[in-house]
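Take a moment with the sequence and the model before reading on.

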Amino acid sequence: MGKVSIGLRGWRFDEDEVFTDEGEFRPLDEIPQDPRDRLLRLQALVGSPCDACWLIHGDENIEKCNVTEVVYGEPLAEVVLCSEHEADFRYWFAEAGGSRYKGSDELEDAFHEWFLDGGRAPEGYGGIEHVETDPDDVPEPPDPDPEDLEVEVPGAERERIDLRNMEVTTVEEGRDDDGTDDREDVTIDEDDLDLNQDYPK
């Protein structure tokens with residue numbers, strides 16, 4: 001099997017990572033992390049306005065924006081474009097220094113700044129010839145599990161209150177290098193607690 005774009009041109013997927021031998025999408029938990037993240041992100045990007053059109057027209061005239069056809073960059077830092085403005089991105093990336101942002105979270109902001117400063121591809125700058133496939137031939141992606149859409153915040157803390165022994169335990173997500181939980185036990189005076197009050201967990 002080869003590589004295929006799904007929903008939008010740009011991101012390429014190994015067919016055997018996302019499709020079964022029967023040509024159906026694999027369950028999300030069987031798809032490797034990177035392609036799974038891209039598939040989930042594509043569900044939000046398909047049908048969205050082109051970034052360049054949006055920079056021109058803004059939210060006030062969003063109806064004038066072309067619909068996105070291609071995506072470049074990494075999930076949540078991607079640039080999405082219509083075919084009319086794809087050449088602008090390709091020129092910026094190949095000829096105007098944009099390639100230094102490859103794989104970077106700064107790609108989207110850097111392109112937006114260049115475009116807002118009047119950056120455009122020269123007249124006649126070549127586009128890419130794409131092999132189009134019938135969208136009806138591509139199966140629908142699987143519905144994501146709600147847990148797959150949750151974003152884990154590194155170092156996030158939560159508190160656990162044990163009212164039996166009046167101990168408050170602060171638990172930081174993750175573990176120390178020695179494999180133990182990052183926890184800080186704090187003993188508080190019973191007089192400081194209002195037992196009629198609902199405390200966050």
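Over which ring does the charged end of R120 sit? The ring is that of F115, and its centre is 3.5 Å from the charged end of R120. A charge sits over a ring if NZ of Lys or CZ of Arg is within 6 Å of the ring centre and within 35 degrees of the ring normal. R38 gives another case: its charged end sits over the ring of W11, 5.0 Å from the centre.

This is a predicted model, in which local features need pLDDT of at least 70 and side-chain atom pairs count only at pLDDT 80 or more, while totals for chains, interfaces and linings use all residues. Residues are numbered from 1 along each chain as its sequence is written, and side-chain values use heavy atoms, with hydrogens and water left out.

How far can the model be trusted? pLDDT is the predictor's confidence in each residue, from 0 to 100. Its mean over the protein is 77, and 62% of the residues reach 70 or more. Over residues 128-139 the pLDDT is below 50, and this stretch has 11 contacts in the model beyond near neighbours in sequence. Residues 179-188 also stay under 50, with 26 contacts beyond four places in sequence. A contact means heavy atoms within 4.5 Å.

Now the overall layout. The protein has five helices and seven strands. Along the sequence they follow the pattern β-β-α-α-α-β-β-α-α-β-β-β. Helices (H or I, at least four residues) and strands (E, at least two) are DSSP runs, numbered from the N terminus. Of the 201 residues, 31% are buried. Buried means under 20% relative accessible area, exposed over 50%, and partly exposed in between (1.4 Å probe, protein chains only).

Turn to helix α2, residues 33-45. Its 13 residues reach 18 Å from first C-alpha to last, close to the 18 Å expected at 1.5 Å a residue. The expected span is 1.5 Å times one less than the number of residues. P35, R36, R38, L39, L40, L42 and L45 are buried in α2. The buried residues of α2 pack against β2 (13-14), α1 (15-18), β3 (70-72) and β4 (79-81). Just after α2, G47 takes a positive phi of about 90 degrees.

Helix α5 can be read the same way. L107, A110, F111, H112, W114 and F115 are its buried residues. They pack against α3 (51-57), β3, β4 and α4. G118 follows α5 with a positive phi, near 95 degrees.

Next come the rings. The structure holds 11 aromatic pairs. Rings of Phe, Tyr and Trp (its six-membered ring) pair if their centres lie within 6.5 Å; planes under 30 degrees apart count as stacked, over 60 as edge-to-face and the rest as tilted. Y72 and F89 are stacked, 4.7 Å centre to centre with 10 degrees between the planes. This pair links distant parts of the chain: Y72 is in strand β3 and F89 in helix α4 (residues 83-95), 17 residues apart. F89 counts as buried because its relative accessibility is 4%.

F111 and W114 make a tilted pair, 5.9 Å centre to centre and 35 degrees between the planes. The two are three residues apart in α5 (residues 107-116), so about one helical turn separates them. F111 is at 0% relative accessibility, so it counts as buried. W114 is buried too, with a relative accessible area of 17%. One aromatic cluster includes Y72, F89, F111, W114 and F115.
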